[in-house]
Amino acid sequence: MDKESVYQGLNYIFGCHPYSNLSFVNAVGNKSKKVAYGNNRADFTTIAGGVVPGLIFLKPDYLENKDDWPFFWGENECIIDGGAWYVFLANAVNDLAREK
């Protein structure tokens, strides 16, 4: 994998994507998700550092990413594997920065 792809992957998670500038990592970035659920959907809380799946494509080709309603689990659920790929990409970018 080339270096630019690693940077682009982390930038996408932080909000550099075609839909909006919303970071998919809670409490990280200039504008991040405000509502996500972990233990309880109804508490309208957020988990700092939690990673949400991101955008959902609706038929025919509409993007949706509601930030104010935790019951859309596909958009606002903090996912375990998302945290893993976020940590992996952040470490990869950190290693690339040390090479310079």
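Before going on, the ground rules. This is a predicted model, where local features need pLDDT of at least 70 and side-chain atom pairs count only at pLDDT 80 or more, while totals for chains, interfaces and linings use all residues. Residues are numbered from 1 along each chain as its sequence is written, and side-chain values use heavy atoms, with hydrogens and water left out.

Now confidence. pLDDT is the predictor's confidence in each residue, from 0 to 100. The protein chain averages 80, and 78% of the residues score at least 70. Helix H1, residues 3–13, has the highest confidence, at a mean of 92. Strand S2, residues 62–64, has the lowest, at 66. Where pLDDT is low, the predicted coordinates should not be read in detail.

Next, the overall layout. The protein chain has 3 helices and 2 strands. Both kinds are DSSP runs numbered from the N terminus: helices are H or I with at least four residues, strands are E with at least two. In sequence order the pattern is α-β-β-α-α. The chain has 100 residues, and 34% of them count as buried. Buried means under 20% relative accessible area, exposed means over 50%, and partly exposed is in between, with a 1.4 Å probe and protein chains only. Contact means heavy atoms within 4.5 Å. Among contacts with a separation of 6 or more, 55% join residues 24 or more positions apart.

The accessible surface of the protein chain is about 6,500 Å², and carbon and sulfur atoms hold 57% of that. Those areas come from the Shrake-Rupley method with a 1.4 Å probe; for residues, only the protein chains shown count as cover.

On to H1. Which residues of H1 are buried? They are Val6, Leu10 and Ile13. Seen down the axis of H1, they fall within an arc of 60 degrees, so they line one face of the helix. The arc is that of the directions from the helix axis to the C-beta atoms. H3 is included in what covers these buried residues. Just after H1, glycine 15 has a positive phi of about 115 degrees.

H3 spans residues 80–99, and tryptophan 85 is in it. Tryptophan 85 is partly exposed, at 32% relative accessibility. Setting aside residues up to four places away in sequence, tryptophan 85 touches Ile13, Val51 and Ile79.

Aromatics now. How many aromatic pairs does a search of the whole structure find? The search finds 2. In one, the rings of phenylalanine 14 and tyrosine 86 have centres 5.8 Å apart and planes at 75 degrees, so the pair is edge-to-face. The cut-offs: rings of Phe, Tyr and Trp (its six-membered ring) pair if their centres lie within 6.5 Å, with planes under 30 degrees apart counted as stacked, over 60 as edge-to-face and the rest as tilted. Phenylalanine 14 is in the loop between H1 and strand S1 (56–58) and tyrosine 86 is in helix H3, so the pair ties together parts 72 residues apart in sequence. Phenylalanine 14 is partly exposed, at 30%. Tyrosine 86 is buried, at 16%.

Stay in the loop between H1 and S1, where histidine 17 lies. Is histidine 17 buried or exposed? Histidine 17 counts as buried, at 9% relative accessibility. A polar atom of its side chain lies 2.9 Å from the backbone oxygen of leucine 22. Beyond four places in sequence, histidine 17 contacts Tyr12, Leu22, Phe24 and Leu55.

Lysine 31 is in that loop too. Lysine 31 is partly exposed, at 44%. Leaving out neighbours within four places, lysine 31 contacts Asn21, Leu22 and Ser23. C-alpha to C-alpha, lysine 31 and asparagine 21 are 6.8 Å apart, with a sequence separation of 10 residues.

Last, back to the opening pair. Serine 32 lies in the loop between H1 and S1, and it is buried, at 12%. Alanine 27 is found in the loop between H1 and S1, and it is exposed, at 56%. Alanine 27 is not a glycine, yet it has a positive phi of about 65 degrees.

How values were computed
Polar contact = N/O pair within 3.5 Å; in protein donor to acceptor, adjacent residues only side chain to side chain.
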